[in-house]
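Trainee: Hi, could you walk me through this structure? I'm new to it.

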Amino acid sequence: MDVSRVRFWVRPNVKKEEWDTGGYNIKTAMMELMKFDCGGAAAVIGAARAIGALQPEGVEAHFVVAACSNMINSKAIVPSDVLTASNGKTIEVLNTDAEGRLTLADALVYTDKELGCESIIELSTLTGACMISLGKKICGVWTENDDLAKSLEEVSKVTGDKSWRMPMAHEYKEQLKSKIADISNLGDRYGGAITAALFLTEFVSKKKPFAHIDIAGPVWDDKTGSTGFGAKLVSEWVKRQGE
C-alpha cells in the first residue's frame, strides 16, 4: 500500500508554564486572555487524538507542536538581537512580541528537512491583523499551491471551520528586509498578516505544498471561551490524504 507522508505543524504559546507576555515589547492589553494563544496547539493535539482513534489507511501523519515561553528575564531576547534559524538564515528581532514566527521557523525546517513530509499545513494564532481582516469567525489561509488551497476549502465547507484564502503578495516582502540579517521578524503597520505568512515561507522548500492557517480569531469566543476551531479541519484533511 502506498503511504502518503503528510505533516501538520503549529505554533502555540501553551498555557500553564508557557505564556506570552510579549517579552520586552510587553503587551499593554489582553495579556489575561493569552490562554487562547495555545489554540493552534490545541487544534493539532485534538486532531492527533482523533486520527489516532480513526487510524485512516494510506497516510502517515506527523503532528508537531513548537512551544515556548515569552517572558522578561536575563536570557530573554531583546529588540535588535539577531538569531540564526536551523536552516542558517539570520533573523533580526525588531519586536519580541512577534515571537511565534520565530518558533515556527525552526519547527518548519524540522518538519521539512528532518521528517521529510510531502505536504505541510500549519495552524497558529499568529496575528491580530488576521482578526482585523476576517473577524472572529473565519480563519485565513495562505498558500501558493492551488491544489492544497482547494482541498482546504472543501474540508472547510464540510467541517464548518470557516476559512478564506488570502493573498500571498510578494511585493510586501520588501517590508521584511534587514540591514544586518537575512530577514527581520516584523513588517510595517499595514499588511501584517501577509508579511507573517511571507516570513514563514523562508523556512519551507519552495517546491513543497505548504499552507499557513491563521486561526487567531475563531479559536476563542468571548462568551463561552475556547472553541476547538481547527481540530475538525485538520482531522478531515488528514483522512482525505489517504483516499
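**A first tour**

Mentor: Glu154 counts as partly exposed, at 37% relative accessibility. Keep in mind from the start that this is a predicted model.

Trainee: Okay, and in which helix is Glu154 found?

Mentor: Glu154 is in helix α4, which covers residues 146–159.

Trainee: How far apart are Glu154 and Trp237, in sequence and in space?

Mentor: In sequence, 83 residues separate Glu154 and Trp237, while their C-alpha atoms are 9.1 Å apart in space.

Trainee: And what about Val219 and Leu102?

Mentor: Those two are 117 residues apart in sequence, and the distance from C-alpha to C-alpha is 21 Å. Val219 sits in the loop between β9 (210–214) and β10 (220–221).

Trainee: Is Val219 buried or exposed?

Mentor: Val219 counts as buried, because its relative accessibility is 5% and the cut-off for buried is under 20%.

Trainee: What classes of residue are in the lining of the largest pocket?

Mentor: There are 17 nonpolar, twelve polar and nine charged residues in that lining.

Trainee: What volume does the second largest pocket have?

Mentor: Its volume is about 310 Å³. The second largest pocket has 17 lining residues, and Ile77, Leu83, Glu99, Leu102 and Thr103 are the closest to its centre.

Trainee: Which element gives the most to the lining of the second largest pocket?

Mentor: That is α2, with four residues. Both β3 and α2 supply at least two residues of this lining. Sorted by class, the lining has nine nonpolar, five polar and three charged residues.

Trainee: Since you mention β3, which strands form a sheet with it?

Mentor: β3 belongs to an open sheet of three strands, in the order β3-β4-β8, with mixed pairing. The edge strands are β3 (82–84) and β8 (183–184), and each of these pairs on one side only.

Trainee: How many bridges join β4 to β8?

Mentor: Two bridges join them, and the strands run parallel; β4 covers residues 90–92. In one case you can look up, Glu92 has Ser184 in β8 as its bridge partner.

Trainee: Now the inside. Which residues touch the most other members of the largest nonpolar core?

Mentor: Ile91, Leu108, Trp142, Phe199, Leu200, Phe203 and Phe210 do, out of the 28 residues in that core. α2, α3 and α5 are the elements that give two or more residues to this core. Its largest share, seven residues, comes from α5.

Trainee: How many residues of α5 are buried?

Mentor: Nine of the nine residues of α5 are buried, so this helix is largely enclosed by the rest of the structure. Among them are Gly192, Ile194, Thr195, Leu198 and Phe199.

Trainee: Phe199 again! What is the relative accessible area of Phe199?

Mentor: It is 0%, so Phe199 is buried. Phe203 is buried too, with a relative accessible area of 2%.

Trainee: How many aromatic pairs does the structure hold?

Mentor: The structure holds one aromatic pair. The partners are Phe199 and Phe203: their ring centres are 5.2 Å apart and their planes are at 50°, so the pair is tilted.

Trainee: Why tilted?

Mentor: Because planes under 30 degrees apart count as stacked and those over 60 as edge-to-face, with the rest called tilted. The angle of 50° for Phe199 and Phe203 therefore makes the pair tilted.

Trainee: Last topic: the backbone. What is the phi of Gln55?

Mentor: Gln55 has a positive phi of about 50°, although it is not a glycine. Gln55 lies in the loop between α1 (39–54) and β2 (59–65), and counts as exposed at 61% relative accessibility.

Trainee: And what about Ser80?

Mentor: Ser80 is not a glycine either, and its phi is positive at about 100°. You'll find Ser80 in the loop between β2 and β3.

Definitions and conventions. Residues numbered from 1 in each chain as written. Predicted model: local features only at pLDDT ≥ 70, side-chain atom pairs only at ≥ 80, totals over all residues. Heavy atoms only, no water. Phe/Tyr/Trp six-rings, centres within 6.5 Å; stacked < 30°, edge-to-face > 60°. Buried < 20%, exposed > 50% of the residue type's maximum accessible area, 1.4 Å probe, protein only. Pairing = 2+ DSSP bridges. Nonpolar A, V, L, I, M, F, W, Y, C, P; charged D, E, K, R; others polar. 1 Å grid on protein atoms, 1.4 Å probe; cavity = no way out; pocket = protein on both sides within 12 Å on 5 of 7 lines; lining within 4 Å. Points joined across faces, edges and corners; volume = space filled by probe spheres on them. Core = buried A, V, L, I, M, F, W, Y, C linked by side-chain atoms within 4.5 Å.
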